[in-house]
Amino acid sequence: RMQKASSRIAKGNYLERLDASGPGEVAKLAESFNAMAESLEDSEIQRRELIRNLAHEFRTPLSNLKGYLEGLEDGLFDADDEIFTASKQQIDRLERLLNDLALISRVEAKQEQINIKAVKLAEVFKNIEKSLQPSFNAKNIQLDVEIDDSWQVQADPDRLEQILINLLNNALRHSAANTTVKLWATNNPANYSTIHVKDQGEGIAKKELKHIFTRFYQVDSARSSGASGIGLTIAKHFVEAQGGQIFVDSELGKGSHFYFTLATKK
């Protein structure tokens, strides 16, 4: 029976299970077999979900580009700066998606090097603020940054910036005009610091929270905003690679509060 079941699993039938009610070692072997089959089934489900999500993410910008080209070909509109700008935005979106896919692949394979050292949070925060301020201004959203100039943590500065950019871009994406996004840090007695990003945006439903760091998982509003569904996953991996943990508190209509821990400089 086990040989036949193994053969069926090898052919892709991951629903195959054995009766584990037998005696002694036979039952244990059947239980192990069933656990393996369940793991393979979960992996297959994730593989199909990944393909479906990738198809969705690529289809939108490609469809937009195709529409622009067909419109030009049919003479529906002129080849002016507006069309070139819109086309470039779709190409940039595709490029970001490809870069994110390459990065998440390296991160999950633990091929991204992490160089931990003493980092001044004020310098990182100021770089981030300077980089993202134009995007916040464009949406009329206030970016409020607070940090003590002497504060230091043990981190990889490049990866720390990537984490904060991803979290702040996520906050920006889900915030309305005339609201505020805050970035600050708190110190804890157990030799670690907590870095916070809090917005006044649409918030996340309770049922969505447990999936929010899952690769390609998106709430409905994220799909319409052009998000890839990878940024929060990358942030989580980089936090954990530096020995920290990341959390989120949120409620629909009341904004979201993402925060993560890093060791304080000894």
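Four salt bridges turn up when the whole structure is searched. A salt bridge here is a side-chain nitrogen of Lys or Arg within 4 Å of a carboxyl oxygen of Asp or Glu. The model is predicted, so local features need pLDDT of at least 70 and side-chain atom pairs count only at pLDDT 80 or more, while totals for chains, interfaces and linings use all residues. Residues are numbered from 1 along each chain as its sequence is written, and side-chain values use heavy atoms, with hydrogens and water left out.

Start with Asp 149 and Lys 126. Their closest N and O atoms are 3.8 Å apart, and the two form a salt bridge. Asp 149 sits in the loop between β2 (142-145) and β3 (152-155), and Lys 126 sits in helix α4 (residues 121-138), so this pair ties together parts that are 23 residues apart in sequence. Helices (H or I, at least four residues) and strands (E, at least two) are DSSP runs, numbered from the N terminus.

How open are these side chains? Asp 149 is exposed, at 53% relative accessibility. Lys 126 is partly exposed, at 48%. Exposed means over 50% relative accessible area, buried under 20%, and partly exposed in between (1.4 Å probe, protein chains only).

Next, go to helix α8 (residues 231-241). Lys 236 and Glu 240 both lie there, four residues apart, about one turn of the helix. Their side chains meet in a salt bridge, 2.7 Å from N to O. Lys 236 is partly exposed at 28%. Glu 240 is partly exposed too, at 42%.

Glu 251 is partly exposed, at 45%, whereas Lys 254 is exposed, at 61%.
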